[in-house]
Amino acid sequence: MPTEAQLPPVSVTLTVNHASHSLNLDARTTLLDALREHIKLSGSKKGCDHGQCGACTVLINGRRINSCLTLAVMHDGDEITTIEGLGSPDQLHPMQAAFLKHDGFQCGYCTPGQICSAVGMLSEAAKGWPSHVTEDVAATQPQLTDAEIRERMSGNICRCAAYPNIVASIRDVAEQSS
Amino acid sequence: MKAFTYERANDALQAAKAAAKPGAKFIAGGTNLLDLMKLEIEQPTHLVDVSRLPLTQIEDTSDGGLRIGSQVPNSDLAADQRVRERYPVLSQALLAGASGQLRNKASTGGNLLQRTRCYFFYDTNRACNKRTPGSGCSAMEGFNRIHAVLGASDHCIATHPSDMAVALTVLDAQIETIRSDGQARRFPLSELHRLPGDTPHIETTLEPSELITGVLLPPPPKGKQIYRKVRDRASYAFALVSVAAIVSIDGTKLQEARFAFGGVAHKPWRVTEVERTLSGKVIDDQTFIEAGELALTGAKGHGANDFKIPLAKRTLARTLADAARA
């Protein structure tokens with residue numbers, strides 16, 4: 001059984017928001033901890049750290065995942081996008097703007113994860129992916145109703161229960177882009 | 001989390017060889033393994049990353065079925081147009097499980113090998129024969145609402161949590177593997193998971209370093225396919241009871257009815273003897289109620305999960321009825 005002292009760090013180069021970061025990490029480092037503690041991008045939040053709350057959601061090659069449930073060393077060569085890479089205070093991503101417009105949050109802790117998840121979710125919907133509430137999974141382009149938005153966002157918990165306004169924010173962006 | 005060394009495999013055989021090292025485990029999506037490693041329930045000393053193996057294709061087979069690479073993410077499998085049209089029960093089952101983020105990461109092979117969500121397996125302060133063989137089973141006398149009513153033992157009443165595996169079982173899927181000696185084999189998915197018996201810590205018939213490389217679906221069966229999941233929340237929760245059913249009819253009679261249960265046993269639960277009795281039966285409520293009674297023969301509750309027995313009977317009856325009358 002190796003002890004921690006015996007294990008050399010693992011080298012990995014992560015591409016985050018188009019910037020390259022060469023790191024030497026303990027193999028145990030999750031992508032979330034690499035982002036927050038090593039690259040100092042603290043937008044992605046640690047909620048449950050077990051993949052249940054969605055606060056850590058980031059986009060990997062455009063796909064939403066829980067960054068707390070994956071190892072940083074598994075992601076060299078991937079395009080990682082965090083909330084900091086979606087937009088900036090001067091130039092908000094449409095989803096960020098919509099959350100402001102519709103007041104899609106209260107305390108804001110889950111919001112980066114909600115926004116990253118919503119962006120990933122809309123690209124899934126644009127590809128015609130079905131969901132659990134889709135009546136006919138074989139339908140090539142399911143309609144993005146509020147029920148569909150809620151089901152597809154069920155991996156993001158909001159402790160303040162800002163759900164109605166989160167749905168409104170996402171619906172707004174979906175309507176803008178359709 | 002305990003320390004471990006990490007390597008990434010370039011091909012399936014190399015991965016199987018690397019995993020033959022004592023204490024080694026494969027990691028694919030990692031959504032279940034890393035969760036368990038953080039809790040130190042899983043303590044691998046070496047991780048073999050199989051997530052980038054070229055096993056991410058869904059291919060048509062010459063007999064009209066599909067071969068699903070073991071590294072196909074759950075979301076891609078659920079969204080594949082061929083699966084949605086020919087094997088809708090599989091899409092429905094996948095979409096009934098986990099969340100969008102988890103399905104994007106979780107692999108087909110990993111989904112099959114995920115561990116139980118028994119609370120006592122997760123709580124390292126409690127006895128669990130699966131986590132620590134010989135320590136006892138806290139679920140037996142404890143709060144066992146989510147636990148098994150079929151195929152359990154005095155040593156373990158845990159359930160297998162996968163929805164996907166239930167659909168694959170009713171579809172007669174086979175799995176393909178490779179061992180560290182280079183030998184490949186193929187066998188029915190129904191032979192992958194073991195019942196707990198007195199060795200609940202041994203969950204599958206795989207050798208420790210045997211890698212699942214793919215899942216093979218036979219040509220789509222005739223009839224209507226339905227996956228129905230009953231759970232405590234409308235979304236993002238494990239099944240209390242689920243049923244995957246495929247029903248074909250001939251006029252007012254059943255031609256063939258197949259079904260498998262999730263959430264009730266240590267593996268997807270199929271009762272082919274009961275399926276056979278349904279062929280030729282008249283399509284009416286009595287037929288489906290009887291099927292539920294027969295399918296749950298020998299079921300045993302442990303207190304808090306007693307409700308699963310009538311729930312499973314009714315869920316089966318309703319699902320078969322919906323499929324027959326679709």
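The tour goes through chain A and then through chain B.

Before you click, note that this is a predicted model, where local features need pLDDT of at least 70, side-chain atom pairs count only at pLDDT 80 or more, and totals for chains, interfaces and linings use all residues. Residues are numbered from 1 along each chain as its sequence is written, while chains are lettered from A and ligands numbered from 1 in the order in which they are written.

**Stop 1: a hairpin in chain A**

Select residues 57-60 of chain A, which form strand β3, and then β4(A), residues 63-66. Helices (H or I, at least four residues) and strands (E, at least two) are DSSP runs, numbered from the N terminus. The two strands run antiparallel and are joined by four bridges; strands pair if DSSP finds at least two bridges between them. Colour V58(A) and I65(A) to see one pair of bridge partners. Two residues lie between the strands of this hairpin, and N61(A) takes a positive phi near 50 degrees.

Buried means 20 or more other C-beta atoms within 10 Å of the residue's own, exposed means 12 or fewer, and partly exposed is in between, with C-beta atoms placed from the backbone.

**Stop 2: two packed helices in chain A**

Next, show α4(A) (111-126) and α6(A) (163-177), which pack at an angle of about 40 degrees with axes 11 Å apart. Axes are lines fitted to C-alpha atoms, for helices over the stretch in contact, and angles run from 0 to 180 degrees between N-to-C directions. On the α4(A) side, pick Q114(A), A118(A) and L122(A); the α6(A) side includes I166(A) and I170(A). Contact here means C-beta atoms, placed from the backbone, within 7 Å.

**Stop 3: a sheet in chain B**

Move to chain B and find the open sheet of five strands, ordered β4-β5-β8-β6-β7 with antiparallel pairing. Its edge strands, β4 (58-60) and β7 (184-188), each pair on one side only. Zoom in on β6(B), residues 174-178, which pairs with β7(B) over five bridges. There, E176(B) stands opposite R186(B).

**Stop 4: a covered helix and an exposed residue**

Select α5(B), residues 88-95: eight of its eight residues are buried. They pack against several elements, including α3 (74-79) and β10 (241-250) of chain B.

Finish at E293(B) in helix α12(B), residues 285-295. E293(B) is exposed because 12 other C-beta atoms lie within 10 Å.

Terms used
Contact = placed C-beta atoms within 7 Å.
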